[in-house]
Structures are given as structure tokens and as C-alpha cells.
Amino acid sequence: MGENAKRSSFLVFGAPAIGPEEADAARDVIMSGWIGTGPKSKLFEDRFGAYIGREHAVAVNSCTAALFLSLHALNLRPGDEVITTPLTFAATANVIEHVGARPVFVDVDAVTGLIDPGAVRNAVTRRTRAVLPVHLYGRPCAMDELTAICEQRGLALIEDCAHAIETEWRGRHAGTFGKAGCYSFYVTKNLTTVEGGMLLTDDASFAARVKRLALHGMSADAWARYSDKGYNHYQVVEPGYKFNMTDLQAAIGMVQLEKLGAMFAKRQALWRCYDERLRDLPLILPPPPELGTVHARHLYAVLVDEARCGVSRDRMISELHARNIGSGVHFVGQHLQPYYRDKYRLRPEQFPQATRHSLQTLSLPLSARVSERDVDDVVDAVRDVIQ
Ligand SMILES: Cc1ncc(COP(=O)(O)O)c(C=O)c1O
């Protein structure tokens, strides 16, 4: 191993840019006496909804919850099909299973790794009820084609925007094209509340149903019952869940929302550094954003083709780790995971591009906490492993 390419300390993959301002906001909430779901959660919903540009927002405890509730509120029945990408996190597919529907995976684009609209069109059947695209890495899916398919075939469009807070397609934010957009505020995301998520929609009754389902199916939340407005009895209208966001999380989220532009600019600069400094290596670098779109620069994912690089992706991960560099894999496709593979008898060759990406994709450290020096260290280490 080239010892000169080893960092002195471990570079954690996906470390959040969070600091004293968030700590102050959290302290204020703790000292206020109201730390659960309340006025701060409502304010965060309003501000995040206004930032993205949708009428109704429901803050929840994860993007998984937002995705689950979106599908639940569509009243899917056993046997209904939801078309999605296999190249995604487990949650995207799991929520389809949880509502009793069937995930129908289709292959991804060879270059971008995003769901292939042609494959979506071919996969629509009598039983299809919804399409669930993922704006992977922060790059927008082909929303013109996906919305056209959904409109023509009467399908609900639910966008997985876990990576896509800043993402835009032709002047519109990701998450504004269909019935609902679902965002993640998990620790590694572009905006974090430690854990958290948000569902946005323009449909008032859909939003009201989701809000109720997120809190036990009760007609009034805790703030509505206990606030200075006076006590109100609640009614259980349907059996719901416990997915609400707390004011402690929302307070952190509002500080993060104020910093969003600066954090995005930082990641854009780091992205350019990676592009320039890795250019001469045999890695396949992320494709440049399409004209008229904004890429949220969530994950800098390269492809490590063993035939070109002389090293496999998994070997690259362990060699980087030995040089004190953390990295990630987004993702090993769901079609390769035992549950989905066995239940639906899926074979890797049915999804050649998703399978190739699953074997080759490697995410390098990228967050507003990463410095240009860190990028230099990562590039030196990658170069050392390949040469
Ligand atoms: C594409 C995608 N969808 C959904 C999720 C779930 O987000 P959360 O952890 O907020 O539930 C993630 C989380 O990493 C993700 O990457």
C-alpha cells in the first residue's frame, strides 16, 4: 500500500454540516417546554413547502414514512402494481410491500442510472396504480416522459426525493410533478434533522389524510389538544401510525434550510474539484447535468469498471478504507436482494444496467463538511489504488 496516500485521520463518509446554530436552536426548543410536535413543526412545514413550491406539507419522522403514507393514502389493494427502479435504497421498495402491493422493477438508463421511461411504459399493465421514480444522486428523472405516461394511463406519480431537495427539472422542483414528493432529512442528506422527512402535495384532502395517518388516525394532534388555545377531544377516525416529526427536529431543520444555499454551493465546488482531479483516471465520472435541470449534487458516484481500472469496486472500498477514506455504495439494487430476488424470481440479467451499476457504483465523500484538502486526499488515495 502506498503509505504516502494515507490520511492521518479517518474521513467519515456523509458527515453532516451541523454546528452551533443548530445546537442553539435545539437548546431553545428544549428550554421552551414544548419539544414534541407543535408550532415549530408547523413552521418548518410552511417554510419547506414554500421553498419547494407546493401547497401542503406534512412533516414526518423519515422519508420512508412519507413514501409509505403516500402509497397508503392511494388505497392500494393486494395485487396492485407500483413501478419503480431497482437501483434505490431498500425503503423505496419496502413501502410498496408494506401496503400490500407488488413492486415492479424496471431497468435504469446505462449512463445516468435513473429509471428508464421507455421501460416504465412497457411495464404498465391493467394492475398498475402508481409510478415511483427516484431522483438518484440528486439528478432529476425524465419528468416530461414520466408525467406523460402517468397522465395517459391514469397512474399516480409519487416522487422519491430523498436525494433531491435542490433538484429541478425545467424550472420546477423535484417533488412537484405528481401526487406527492417525499423528502429525507436523514443525517447524510443535503438537509438534516438527524432523522426526519416531509411529504408535499397540492391536494388538500390527501394532505389531511396523510397528516391523520401519521398520528394514529386521530382527528387532532397534540398541539391542537394541549396548546394555549384550550383542550380539544380527539377522535380516532382510522387506525394510523406514529410517524410525526418533533419540534426539536423541526428547529434544527429550519436552521439547515437557511444554510441550504451555502451548503449546496460548497458541494457544487467540491463536485467541480472531483471532476477536474479525477479526469485522467479510468473511472467513469458522473455525467454532466442535462441542460435546463438542476442537479442537487447529493452523491458523487463514480463507476469502477474492473476491466478499465484493474481493481474491483469492492476492492477499491477496502483499499480506500485502508487509506482512511470512507466511501459508500448507492446502491446494490433491490433486484439482487434476497427478499425481492426470491419472492419475484428476479435474475440479474433482466436488469442489465441496474446490475452493472450495482457492481460498479462507488460514492466518494461529498458534504458541506468536506474540504478541498479532503478531496485532494480522496483523489490521491484513488490514484494510488488504481496505479
Ligand atoms: C433513495 C432513498 N429513498 C428513501 C430513503 C429513506 O429515507 P429515510 O432514511 O429518511 O427514511 C433513502 C435513505 O437513504 C434513500 O436513499
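Me: Which is it for glutamate 319 and arginine 323, buried or exposed?

Reply: Glutamate 319 is buried, and arginine 323 is too. Buried means under 20% relative accessible area, exposed means over 50%, and partly exposed lies in between (1.4 Å probe, protein chains only). A word on the basis: this is a predicted model, where local features need pLDDT of at least 70 and side-chain atom pairs count only at pLDDT 80 or more, while totals for chains, interfaces and linings use all residues. Residues are numbered from 1 along each chain as its sequence is written, and side-chain values use heavy atoms, with hydrogens and water left out.

Me: How do you know that glutamate 319 and arginine 323 form a salt bridge?

Reply: The rule asks for a side-chain nitrogen of Lys or Arg within 4 Å of a carboxyl oxygen of Asp or Glu. Here the closest N and O atoms are 2.8 Å apart. That is within 4 Å, so the pair qualifies. The pair belongs to a network of salt bridges that links Arg315, Glu319, Arg323 and Asp384. The model's count by this rule is 24 salt bridges.

Me: What makes arginine 212 and glutamate 238 a link between distant parts of the chain?

Reply: Arginine 212 is in helix α7, and glutamate 238 is in the loop between α8 and α9, 26 residues apart. Their closest N and O atoms lie 3.1 Å from each other, a salt bridge. Arginine 212, at 25% relative accessible area, is partly exposed. Glutamate 238 has 16%, which makes it buried.

Me: Why is the contact of aspartate 376 with arginine 277 called a salt bridge, and what does the pair tie together?

Reply: The N to O distance is 2.5 Å, so the pair passes the test. Aspartate 376 sits in helix α14 and arginine 277 in helix α9, so parts 99 residues apart in sequence are tied together. Aspartate 376 is partly exposed at 29%. Arginine 277 is partly exposed at 26%.

Me: Why is aspartate 374 called buried?

Reply: Its relative accessible area is 13%. That falls under 20%, so the word applies. Aspartate 374 lies in helix α14 (372–386). Helices are DSSP runs of H or I with at least four residues, strands are runs of E with at least two, and both are numbered from the N terminus. Leaving out residues up to four places away in sequence, aspartate 374 touches Arg7, Leu11 and Arg369. Contact here means heavy atoms within 4.5 Å.

Me: How do you know that the buried residues of α2 share a side?

Reply: They are Ser41, Phe44, Glu45, Phe48, Gly49 and Ile52. They cover an arc of only 125° around the axis, which puts them on the same side of α2. The arc is taken from the directions from the helix axis to the C-beta atoms. Among the elements that cover these residues are β1 (56–60), β8 (180–184) and α9 (247–278).

Me: What is the span of α2, and what is expected?

Reply: Helix α2 (39–52) has 14 residues and reaches 20 Å from first C-alpha to last, close to the 20 Å expected. The expected span is 1.5 Å times one less than the number of residues. Just after α2, glycine 53 has a positive phi of about 100°.

Me: Which elements pack against the buried residues of α4?

Reply: Those residues are Ala91, Thr92, Ala93, Val95, Ile96 and Glu97. They pack against α3, β2, β3 (102–105), β4, β5 (156–160) and α12. Glycine 100 follows α4, with a positive phi near 85°.

Me: Which is it for asparagine 75 and for tyrosine 137, buried or partly exposed?

Reply: Asparagine 75 has 46% relative accessibility, so it is partly exposed. Tyrosine 137 has 8%, so it is buried. Neither residue is a glycine, yet phi is positive: about 55° for asparagine 75 and about 70° for tyrosine 137. Asparagine 75 is in the loop between α3 (63–72) and β2 (81–84). Tyrosine 137 is in the loop between β4 (128–132) and α6 (143–153).

Me: Where is there a cis peptide bond?

Reply: It joins histidine 330 and phenylalanine 331, with omega about 15°. Phenylalanine 331 lies in the loop between α11 (313–322) and α12 (338–343).
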